[in-house]
Amino acid sequence: MTKEDILNRIKEDALNQQVPIISDEGIQYLTQYIQKHSVHRILEVGAAVGYSAIMMCMAADDVTVTTIERDETRYLEALKNIKQMGLEDCIQLLYHDAFDVSLEEEFDLIFIDAAKAQNQKFFEKFEKNLSSTGTIITDNIDFHGLVNRDLQDIQSKNLRQMVRKIKNYISFLEDNTHYRTRFLKLGDGLAVSTRI
Ligand SMILES: C[S@@+](CC[C@H](N)C(=O)[O-])C[C@H]1O[C@@H](n2cnc3c(N)ncnc32)[C@H](O)[C@@H]1O
C-alpha cells in the first residue's frame, strides 16, 4: 500500500464509522499555513483517528505534532494509523482528556478541534503554550451553517445550546484584544487567531 492508499483508507474508514474529520478545504488551508509560516511545533486538541495530525505532520520537514484524544477506540485507531504511515517520530499521541493534560512546551500553532462547546476553555487552557508569534486555529466555527441561523429557528434544545456556545466563542475571539482573528469560510469555517 502506498502512503496515498493508506490516507484514502483512513478517510474512508472515518466516513464509514461516522468519525468527524477535517474537510479537504480545511486541511489544505492548514497545510499551506504550516508551509507559509514556517510552523515547526503543533499542538492539536482532538486527534480522532489521527487524520489531521498525519496531514499536518507531512506538510513540511521539521514539523512535530502533539495531539490529544480522550476516546479509547479512536486513540487506538489513531495509534494504528500513525504507525502504518511510519510517523511515530513526528506525532506524539496522548490518550487523555485534554483538560487533564499539562504541557510545558511552546507551540507555533495550536489547532482546536475537539468538543465544540468547550472551545473557549481549550483556548484559555492552552494559550500559555503558544509562542509569542503563534496562532490558534479553531475548526467548525460555522457548525454546519447553524451559527448563521437565528437560535429560535433551531428545534433541538441541545443543538441550540451548542450553537449558542459557538456564537459566544466567536464573540470571545472578536473581543479578545490579545489576538487578531480572521474567520474563514473554508470547510466548516475556521477561526485563525494570531497573537498581536
Ligand atoms: C472533530 S474530531 C477530531 C478530528 C481530527 N482533528 C481530524 O480532523 O482528523 C474531535 C475529537 O475530539 C475528541 N475530544 C473531544 N473532547 C475532548 C477532550 N476534552 N479531550 C480530548 N479529546 C477530546 C473527540 O473524542 C473526537 O474524537
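Student: Why is V19 called partly exposed, rather than buried or exposed?

Tutor: This is a predicted model, and in it V19 has 18 other C-beta atoms within 10 Å. Buried needs 20 or more and exposed needs 12 or fewer. The count of 18 falls in between, so V19 is partly exposed.

Student: Where is V19, and what makes R74 one of its contacts?

Tutor: V19 sits in the loop between α1 and α2. Contact requires C-beta atoms within 7 Å, and R74 meets this together with A14, A48 and V49, when neighbours within four places in sequence are left aside.

Student: What makes D5 exposed?

Tutor: D5 has 9 other C-beta atoms within 10 Å. The limit for exposed is 12 or fewer, so D5 is exposed. D5 is part of helix α1. The C-alpha atoms of D5 and K83 are separated by 14 Å, and these residues are 78 residues apart along the chain.

Student: How do you know that the span of α2 agrees with that of a helix?

Tutor: Helix α2 covers residues 24-36, which is 13 residues. The expected span is 1.5 Å times one less than the number of residues. That should give 18 Å for α2, and the end C-alpha atoms are 18 Å apart, so the two agree.

Student: Which residues of α2 are buried, and what covers them?

Tutor: The buried residues of α2 are G26, I27, L30 and I34. They cover an arc of only 90° around the axis, so they lie on the same side of α2. In general, an α-helix has 3.6 residues a turn, so residues three or four places apart point the same way. The cover over the buried residues of α2 includes α3, β4 (107-112), β5 (130-139) and β7 (190-195). On the face turned away from the buried side, α2 carries the exposed residues D24, Q32, Q35 and K36. Just after α2, S38 has a positive phi of about 45°.

Student: Why are the buried residues of α4 said to be on the same side?

Tutor: In α4, the buried residues are Y75, E77, A78, N81 and I82. The arc they cover around the axis is only 165°, which puts them on the same side of α4. The elements covering them include α1 (3-16), α3, β2 and β3 (91-95). The exposed residues E72 and T73 are on the face turned away from the buried side of α4. After α4 comes G86, with a positive phi near 70°.

Student: How do you know that the buried residues of α5 share a side?

Tutor: N119, F122 and F123 are buried in helix α5 (residues 119-126). Their arc around the axis is only 100°, so they are on the same side of α5. β1, β4, β5 and α6 are included in what covers them.

Student: Which residues of the largest nonpolar core touch the most other members?

Tutor: Of the 47 residues in this core, they are I42, M56, L109, I110, I112 and I137. α3 gives the most to the core, with six residues. Not counting residues up to four places away in sequence, I42 touches M56, V63, V65, F107, L109 and F111.

Student: What surrounds the ligand?

Tutor: The ligand is surrounded by 19 residues, of which the closest are I22, G46, Y51, S52 and A98. The elements giving two or more residues to this shell are α3 (51-57) and β2 (64-69). By type, the shell divides into eleven nonpolar, two polar and six charged residues.

Note on methods: Residues numbered from 1 in each chain as written. Predicted model: local features only at pLDDT ≥ 70, side-chain atom pairs only at ≥ 80, totals over all residues. Near = placed C-beta within 6 Å. Helix = DSSP H or I, 4+ residues; strand = E, 2+ residues; numbered from the N terminus. Nonpolar A, V, L, I, M, F, W, Y, C, P; charged D, E, K, R; others polar. Arc of directions from axis to C-beta. Contact = placed C-beta atoms within 7 Å. Core = buried A, V, L, I, M, F, W, Y, C linked by C-beta atoms within 7 Å.
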